[in-house]
Amino acid sequence: MARILLIEPDYILARSYYEALSQAGHQVIPAAGAQTALLVADDIKPELIILELQLVEHSGVEFLYEFRSYPDWQRLPVILHTQVPPAEFNQSRQLLKQLNIQTYLYKPQTTLRALVAAVDRQLAVDQTDQPQAAGRRQKQRMTAA
Amino acid sequence: MGEGSGEQPILSQALLLSVAEELKLPLLQIARRAEQTQLAGAPDLTAAADIRTTAEAALRLVDNYALAVRLQLESAELLIEPVSVSSVLYDAGQQLDGYAKNYGVELELHIAGRYGTVMAHRHGLEAALVSLGSALIEALPAQESPQLKLQLATHRSRYGIVAGLYSPTPALTAAALRRGRRLQRHSRQPLLELSHASGAGVFVADAILQAMHLRLGASRHHRLYGLGTVLPSNNQLQLV
């Protein structure tokens, strides 16, 4: 079970994603826009974010720039789950790599089951990464000593 | 899809593109609500599954239409890459499977043999095959003597590697396609021998393939009739 911040502007879709992820055992906190999401993230300390790029007022990319500027949030896994089609997404692939995004899901072709599977996969990767990172940090400290 | 007669067609194309993008949202909402009903184990799961499949098929059509328009408007940015035809057919089959079952159509995949890779826009090729397949799945049961079999298949011809959809129905001819193209802007039912509806999926496939500098045409596969496209094989890619 993980705390997931779901940034989804559409109310009805957000409800479906909320229910499916909650049913899979996760604690889901929805936010409709970038500003609210930043405040909520600060408050709940999410373990994963699901993000639509097409938001009102501030885009998902703006959110990511702001979010990644805080040292605490630079490594937090973010899944892009968006209406932006793969053909358009290809042009900004490099940019999103810089923003440390590993998973992109095209919303019209992603079932709830596939979304839940992607979340679980991302969390599993994150869990295996964490002990390795901790190991690396310890090794660095020992070398420095 | 053409932009031959001045500015007006481009303006209306852009407007239709926004309508298509807008339509995707309610269709996606219906599909995901239906899926959630299934996941929650509601009493009538069959109805939820049917609603979901239908909404997803409509979503694909709208999405593929939007892709066709975008590819035609931005053909300079076409991302061409080495593509395995068999894997594209397999993925298209996965997308069409549920829809075929809804219509009682037996969908088969015939990708035996080694065809190597071709240079193509993978997403566009898959979208074209899925659009074409959806249109044929809807059309087959409405015919006078319905033969509810559809095969996603590939074979080698002297012009290259052919990928398409095939059925025992002899209505899938070059003449029907030609007539359909001619009537498409003027008739509610341009593919008269083939489809009781507008057959939009066939024309969306046609437009996507055109944007990728390919052609939709009639072809035969074993004893079946069908529509497909020829992908030029590349000898250098065969070495990879």
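Mentor: Start with how elements are named: helices (H or I, at least four residues) and strands (E, at least two) are DSSP runs, numbered from the N terminus. This is a predicted model, in which local features need pLDDT of at least 70 and side-chain atom pairs count only at pLDDT 80 or more, while totals for chains, interfaces and linings use all residues. Residues are numbered from 1 along each chain as its sequence is written, chains are lettered from A and ligands numbered from 1 in the order written, and side-chain values use heavy atoms, without hydrogens or water.

Our part is helix H4 of chain B, residues 122–139. Take its helix partners, then the cavities.

Helix H6 of chain B covers residues 200–211. The axes of H4(B) and H6(B) lie 7 Å apart, at an angle of about 160°. Axes here are lines fitted to C-alpha atoms over the stretch in contact, and angles run from 0 to 180 degrees between N-to-C directions. H4(B) and H6(B) are therefore roughly antiparallel (over 145 degrees). The crossing is left-handed, with the near helix turned anticlockwise from the far one by less than a right angle.

Which residues of H4(B) meet H6(B)? They are Gly124(B), Leu125(B), Ala127(B), Ala128(B), Ser131(B), Leu132(B) and Ala135(B). Across from them in H6(B) are Gly201(B), Val202(B), Val204(B), Ala205(B), Ile208(B) and Leu209(B). Contact means heavy atoms within 4.5 Å. This contact of H4(B) with H6(B) has 10 nonpolar residues, 3 polar and no charged. Nonpolar means Ala, Val, Leu, Ile, Met, Phe, Trp, Tyr, Cys and Pro; charged means Asp, Glu, Lys and Arg; the others, Gly among them, are polar.

Now the other partner, helix H3 of chain B, residues 85–102. Its axis is 9 Å from that of H4(B), and the angle is about 35°. H3(B) passes H4(B) in a right-handed crossing. H4(B) brings residues including Arg122(B), Leu125(B), Glu126(B), Leu129(B) and Val130(B). H3(B) answers with Val88(B), Asp91(B), Gln95(B) and Tyr99(B), among others. This contact holds 10 nonpolar, 4 polar and 4 charged residues.

The structure holds 3 cavities of 30 Å³ or more. A cavity is a set of points on a 1 Å grid over the protein atoms alone where a 1.4 Å probe fits but cannot get out; lining residues have an atom within 4 Å of a point. The largest cavity has about 60 Å³ of space. Its lining is Gln109(A), Arg60(B), Asp63(B), Asn64(B), Gln95(B), His123(B), Glu126(B), Ala127(B) and Val130(B). Helix H2 (45–73) and H4 of chain B are the elements giving two or more residues to it. H4(B) gives the most, with 4. By class, that lining has 2 nonpolar, 4 polar and 3 charged residues.

Pro85(A), Tyr106(A), Gln109(A), Asp63(B), Asn64(B), Leu67(B), Arg70(B) and His123(B) line it. Here H2(B) gives the most, with 4 residues. The classes are 3 nonpolar, 3 polar and 2 charged. His123(B) lines both of these cavities, and Gln109(A) does too.

Technical notes: Parallel < 35°, antiparallel > 145°, perpendicular 65-115°, else oblique. 1 Å grid on protein atoms, 1.4 Å probe; cavity = no way out; pocket = protein on both sides within 12 Å on 5 of 7 lines; lining within 4 Å. Points joined across faces, edges and corners; volume = space filled by probe spheres on them.
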